[in-house]
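Colleague: I have a model open and would like to learn how to read it. Could you walk me through some of its features?

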Amino acid sequence: MNNKPVTVAVIGCGRIANNAHFPALSKLDNVRIKYACDLIVEKAQDKADRFGAEQVITDYRTALNDPEVDAVFVLTPNYAHYTITMDALRAGKHVFCEKPITVNYALSCEMAQEAKKQGKLLNIGVCNRYHKTVETLEEMVRNGELGNIYHVYCSFRSYRSIPGLGGAFTTKAQSGGGVLIDWGIHYLDLILYILGGVSLKTVTCDAYCEMAKDMKSYVYKGMWAEDTKDLNGTNDVDDYIAGHIRTDKASISFNGAWAQNINKDEWFIDFLGDKAGVRMNYGEYFTLYTIKDGDYAEVSPRYEIPDMYAREDDAFLRATLTGEHTKTHIDNILESAKLLDYLYRSAEQKREIAL
Ligand SMILES: NC(=O)c1ccc[n+]([C@@H]2O[C@H](COP(=O)([O-])OP(=O)(O)OC[C@H]3O[C@@H](n4cnc5c(N)ncnc54)[C@H](O)[C@@H]3O)[C@@H](O)[C@H]2O)c1
């Protein structure tokens, strides 16, 4: 294999760049970070200084016009994923684009088609597919250790966690939605991944925008993405979501809250099989509930959890050299994007929808 490092530009130097991808990329030895790019030059300069990017730019087209750049990381808010990714693919670059693919399924499909047309890779940042717990469960399910999984339930609920109220996160035209597209995508995508190739049958969903209807009276102690807050802006997305999905395998039910009037955070997925059940604590470990030697048994294995961002970035960089479609290639994520679209459609139309 080619030992030359993959030359990349990181476009969007905000939170996920700072907390995940720059630290991950700076650990890898198969990458050269040529550009840190952000509309806000100070953000790009800060990442360049701390993580060793060679040049700071504010216009991503500079990187796209540079023949040395092999691949770009698109780490901007959701509304910018589509344009930057399409431009990058057309400029002949491989693309890693953060989740969600973009604000809806139709545009996601266009992105997948463009990647195919240009013969370039487009990977999506559904990082949990590289989490050790998710990989372990996927293997256990594939080996039949849970038996027939008839239902999966998940809860992703927080007390007060509406991000950047009034800004891009809570403006549907810019984000594509609220807690479902922001957090739910991780949960539903990893459920589809673990179940392995389900065929979606029907969905029903209810979405609520209740907790910050009056943005100025919304009470919180801390707000992530507060730098993008705009209390004179828009909040037209789901802060609470509940739904039910039928597939040819297990049914799936879920509820999620960016905010709720219950001071409990819940982050788990339950896989209910006829041989065993699993509670997966999101981002952590799992507990297997089963019967062993005629008695109840609970197993909570502990193991090292490597940095999933470093693993997903490394897999993407390696794939740029081989052309491999890894498990987070867009073609393997489109089904999750489609599911989200139908859930939102069901909530809007207040009825069950067949796919
Ligand atoms: N995989 C995960 O677990 C995870 C976690 C958090 C965020 N995300 C995703 O990452 C993306 C970014 O989220 P964030 O929280 O880092 O947002 P952020 O607002 O902190 O950072 C985005 C940055 O992009 C910059 N930007 C916007 N348009 C640009 C353009 N045209 N060119 C260059 N820079 C531009 C902004 O100035 C900002 O600094 C979102 O799509 C989000 O859904 C993924």
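Colleague: Which helix gives the most to the shell around the ligand?

Modeller: Keep in mind that this is a predicted model. Helix 1 gives the most to that shell, with three residues. Helix 1 and helix 4 (78-90) each supply at least two.

Colleague: Which residues come nearest to the ligand?

Modeller: Of the 24 residues around the ligand, the nearest are Gly12, Gly14, Arg15, Ile16 and Glu98. Sorted by class, the shell has 13 nonpolar, six polar and five charged residues.

Colleague: Where does helix 1 lie relative to the strands?

Modeller: Helix 1, residues 15-27, lies across strand 1, strand 2, strand 4 (71-74) and strand 5 (94-98). Helix 1 runs at about 170 degrees to strand 1.

Colleague: How should I read the sheet itself? Is the pairing parallel or antiparallel?

Modeller: The general idea is that strands of a sheet pair through backbone hydrogen bonds, in either a parallel or an antiparallel way. In this model, six strands form an open sheet with parallel pairing, and their order is 3-2-1-4-5-6. At the edges are strand 3 (55-57) and strand 6 (122-125), each of which pairs on one side only. From one strand to the next, the twist averages 25 degrees.

Colleague: How many bridges join strand 1 and strand 2?

Modeller: Strand 1 (residues 6-11) and strand 2 (residues 31-37) pair over six bridges, in the parallel sense. To find your place, look for Ala9, which stands opposite Tyr35 in strand 2.

Colleague: Now for helix pairs. How do helix 5 and helix 10 cross?

Modeller: Start with the angle between the axes. For helix 5 (residues 105-118) and helix 10 (residues 334-349) it is roughly 165 degrees, and the axes come within 9 Å. Angles over 145 count as roughly antiparallel, so helix 5 and helix 10 are roughly antiparallel to each other. Their crossing is left-handed. The contact uses Tyr105, Ser108, Cys109 and Ala112 of helix 5, and Leu334, Ala337, Lys338 and Asp341 of helix 10. By class, that contact has five nonpolar, one polar and two charged residues.

Colleague: And at what angle does helix 8 cross helix 10?

Modeller: The axes of helix 8 (residues 179-195) and helix 10 cross at roughly 125 degrees, coming within 9 Å. That is why helix 8 and helix 10 are oblique to each other. Helix 8 passes helix 10 in a right-handed crossing. Among the residues making the contact are Ile181, Ile185 and Leu188 of helix 8, with Leu339, Leu340 and Leu343 of helix 10. By class, the contact of helix 8 with helix 10 has nine nonpolar, one polar and two charged residues.

Notes. Residues numbered from 1 in each chain as written. Predicted model: local features only at pLDDT ≥ 70, side-chain atom pairs only at ≥ 80, totals over all residues. Pairing = 2+ DSSP bridges. Helix = DSSP H or I, 4+ residues; strand = E, 2+ residues; numbered from the N terminus. Axes fitted to C-alpha atoms, helices over the stretch in contact; angles between N-to-C directions. Contact = placed C-beta atoms within 7 Å. Parallel < 35°, antiparallel > 145°, perpendicular 65-115°, else oblique. Left-handed = near helix turned anticlockwise from the far one by under 90°. Nonpolar A, V, L, I, M, F, W, Y, C, P; charged D, E, K, R; others polar. Near = placed C-beta within 6 Å.
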